[in-house]
Amino acid sequence: MRRTTSRLMRGLAVLSVLALGATACGGSDDDSSGSKPVSADDVQAALKKGGSVTVWAWEPTLKTVAADFQKKYPKVKINLVGERSGDKHYTALSNAISAEKGVPDVAQVEYFALGQYSLTKGLTDLSSFGADKLKDQYTPGPWNAVSEGDKVWGLPMDSGPMALYYNKKIFDKYKIEVPTTWDEYVEAARKLHKADPKVYIANDAGDAGFTTSMLWQAGSRPYKVDGTTVKVDFSDAGAKKYTDTWQKLIDEKLLAPINGWTDDWYKGLGDGTIATLASGAWMPANFVTGVPNASGDWRAAPMPAWTKGDKASAENGGSSLALPALGKNKELAYAFVEYANSGAGVQSRVKEGAFPATTADLKTDAFLNTEFEYFGGQKANEIFADSAANVADDWSYLPFQQYANSIFNDTVGKAYVGSTKLIDGLKSWQDASVKYGKEQGFTVE
Amino acid sequence: MSGTSSPATSASPSPSAPASAGTAGRVPRLRRRGDQDTRRPKRSVLLTVLTGLILVYTVVPLVWLLISATKTQEGLADSSGLWFADDFALWDNIGDTFTYNDGIFGRWLLNTLMYVVLGAGGATFLAILGGYALAKFDFPGKRGVFAVVIGAVAVPGTALAVPTFLMFSKMGLTDTPWAVIVPSLISPFGLYLMWVFATEAIPVELLEAARIDGAGEARTFFRVALPLLAPGIVTVLLFTTVATWNNYFLPLIMLKDPDWYPLTLGLSAWNSQAETIGGDVIFNLVITGSLLTIVPLIAAFLLLQKYWQSGLAAGSVKE
């Protein structure tokens, strides 16, 4: 989700990953805490007894959830710490785990980063609390992201089935059809840029999260993970489909060289410089607060297909709440996570604009009929829910995806600025990931 | 601000050669050591232009900050960066900055003040004591201390941040204000500056006179040496204040609890809300907060300018 890691932060992240790996060996002897079954009665007893739970999470709707939870269980104090997101959050979490001090009881962990913590035994297996029985509640993409065999490393908090957001005003102005396939998308990009050289179909300056989502949708499965055996391979047909198409956009300079999540980006979304955005279903909330001046201009549409009529979609972003192995008050922590991500908390979070990972909430009429004022009254949730149902569940990230993403710009990023081809960039990303994986002791095929 | 094109430049026909203009100028510089020459120094077009460019380079960001602080979030996206938007929202922005998120900005401001008073104040005090001792006392191993201090000046604080973090976490001090204050107490550069300054500013004879008169070492230090060191102290205080006020990396890795954040971290956290799913985008408050953050620093510089300048110039002229 986040971009532009400074070199310094990257170095620190690497350092803390190494430190994390080091302590994993030392800390593995007390992982009994993860396998002992905890019954619902134990949890209830703990809730009656009370205590405090420290939660590191930046999801804004959790504030309401924490308040509601404390109202329901007055003896429990939820200490919500959440000013940080992204790299800084993981740096702090890894540092705390390696120092074995100040580890939170609950931590927000994005799907792509879960593997890194679960593999180093940094997280509690929630199946001991019976979380494995919650599987049917969730859409397949997010559940696949948090589970590994019969182990459950966190409960899905939100999901990001992808959709294509487009600036209707611009498309109408130049009388261009909204693309339904990626070939039409390239065609639309050419027409738009020709009609107004200041307008680009999209911004892309190289973004690991976006690229992996696009590969996901194109049917590419570059990462295979089986315990500590991993495989990295960007040479399948899906990857070729994506690089062939995207290379055209790069070669013809049809992409705005703007990094995502910057003030430039928000400005570009508002003033028509960026005409479309393929992103997760959580984007509307960011549109409302970040691009208030373009209210009414934008609409949501299904992701363009790779072959006409194909409905395959992918996830972009999304995070879980997990219990770090060194956290305390496990019963209370689990009770809170279950409340927020599976129980009554989901409803109040949806009301505040979160996009749920629970199938039941995706199907309610109230949810599907919500009219988005920002999108000119469009019932956008129908599109998002449809996308969520069409996400393939066999995607997996690397156990060291956080590191891999941090070197994305050094490898694939070159394709956006120089003469390197996207497919060669992916190859060097693959090589660098394999090298790192071997250094970390993974069996890399 | 600075005088631009001046009539005096006509004296030197070649504006692109300021160095030669000094020697080949019509007015021989050393003809009379009167005050006339120092009052009207030679002017160079090139230097004036260069200074002007640097002036623009340094002032434009400030102007941008000031203008942007008057805009709403919408105005920021819609209008040009260097002119005002239709709506003037400075007062609203300031109000919102102090009330957003239960007024946590005020808390960050107080935190920063505390870190500056205890951290920069303590660092200055330690630098004075150390610098004075190194300048005026002989003891074995002084050369070694010199090497260590010079070496420490060369090591950037960020390089030490991770080891410091691990050390502090073993002591159980991370996520407390001490984790920011204690490392801030060490200022090798301040120590070096005080050392050099004390060597120049305090005549050994004066100290000997005080000792002969029967003053103890503590009394000599506080009554005789300290007043003489005042300009140096202000300089070191300013340096350490700016360093502590702007410190970002140390609190970043030491602190997790937003209640202990200094302004730098707090503003960065507000800024990164825009990079978060569902996060509130508040660039207008980040900008207004940044403006409010530099106001105390500007005030400190203006108030202490006199001492600071005399401190920097000290030792440059042999009397």
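Modeller: Start with one cut-off. A residue counts as exposed over 50% relative accessible area, as buried under 20%, and as partly exposed in between. Keep in mind that this is a predicted model.

Now the salt bridges. The whole structure holds 14 of them, counted over all chains. Take A:Glu184 and A:Lys308. Their side chains meet in a salt bridge, with N to O at 3.1 Å. A:Glu184 sits in helix α9 of chain A, residues 182-195. A:Lys308 sits in the loop between β13 (298-301) and β14 of chain A. The two are 124 residues apart in sequence, so the pair ties together separate parts of the chain.

How open are these partners? A:Lys308 has a relative accessible area of 62%, so this residue is exposed. A:Glu184 has 30% relative accessibility, so this residue is partly exposed.

Strand β14 of chain A belongs to an open sheet of 5 strands. Their order is β2-β1-β3-β14-β6, and the pairing is mixed. The edges are β2 (76-81) and β6 (155-156) of chain A, each pairing on one side only. β14, residues 319-322, pairs with β6 of chain A. That pairing is antiparallel and runs over 2 bridges. In one of them, A:Pro156 has A:Ser320 of β14 as its bridge partner. Helix α6 of chain A, residues 111-119, packs on this sheet. It touches β3 (106-110), β6 and β14 of chain A. The directions of α6 and β3 of chain A make an angle of about 120 degrees.

Back to salt bridges. A:Lys421 and A:Asp251 meet through their side chains, at 3.5 Å from N to O. This pair also links distant parts of the chain, 170 residues apart. A:Lys421 is in the loop between α21 (414-417) and α22 (422-439) of chain A. A:Asp251 is in helix α11 of chain A, residues 237-251. A:Lys421 has a relative accessible area of 36% and is therefore partly exposed. A:Asp251 has 44%, so this residue is partly exposed too.

Next, a pair within a helix. A:Lys427 bridges to A:Asp431, with the closest N and O atoms 3.0 Å apart. Both lie in helix α22 of chain A. They are 4 residues apart, so about one helical turn separates them. A:Lys427 is partly exposed, because its relative accessible area is 42%. A:Asp431 is partly exposed at 38%. Shared partners also build a network: salt bridges join A:Glu187, A:Arg190 and A:Glu252.

What about the contact between the chains? There, 39 residues of chain B are in contact with 33 residues of chain A. The buried area is about 3100 Å², and carbon and sulfur atoms give 58% of this area. On the side of chain B, B:Lys256, B:Glu275 and B:Ile277 lose the most area to chain A. Together they account for 26% of what that side buries. How many salt bridges cross between chain B and chain A? The count is 0. Polar contact is found for 2 residue pairs between chain B and chain A. Several elements of chain B give two or more residues to the side that touches chain A. They are α4 (73-78), α5 (90-136), α7 (157-170), α12 (249-254) and α13 (263-272) of chain B.

Key:
Residues numbered from 1 in each chain as written. Chains lettered and ligands numbered in written order. Predicted model: local features only at pLDDT ≥ 70, side-chain atom pairs only at ≥ 80, totals over all residues. Heavy atoms only, no water. Pairing = 2+ DSSP bridges. Contact = heavy atoms within 4.5 Å. Axes fitted to C-alpha atoms, helices over the stretch in contact; angles between N-to-C directions. Salt bridge = Lys/Arg side-chain N within 4 Å of Asp/Glu carboxyl O. Buried < 20%, exposed > 50% of the residue type's maximum accessible area, 1.4 Å probe, protein only. Buried area = accessible area lost by both parts, 1.4 Å probe. Polar contact = N/O pair within 3.5 Å; in protein donor to acceptor, adjacent residues only side chain to side chain.
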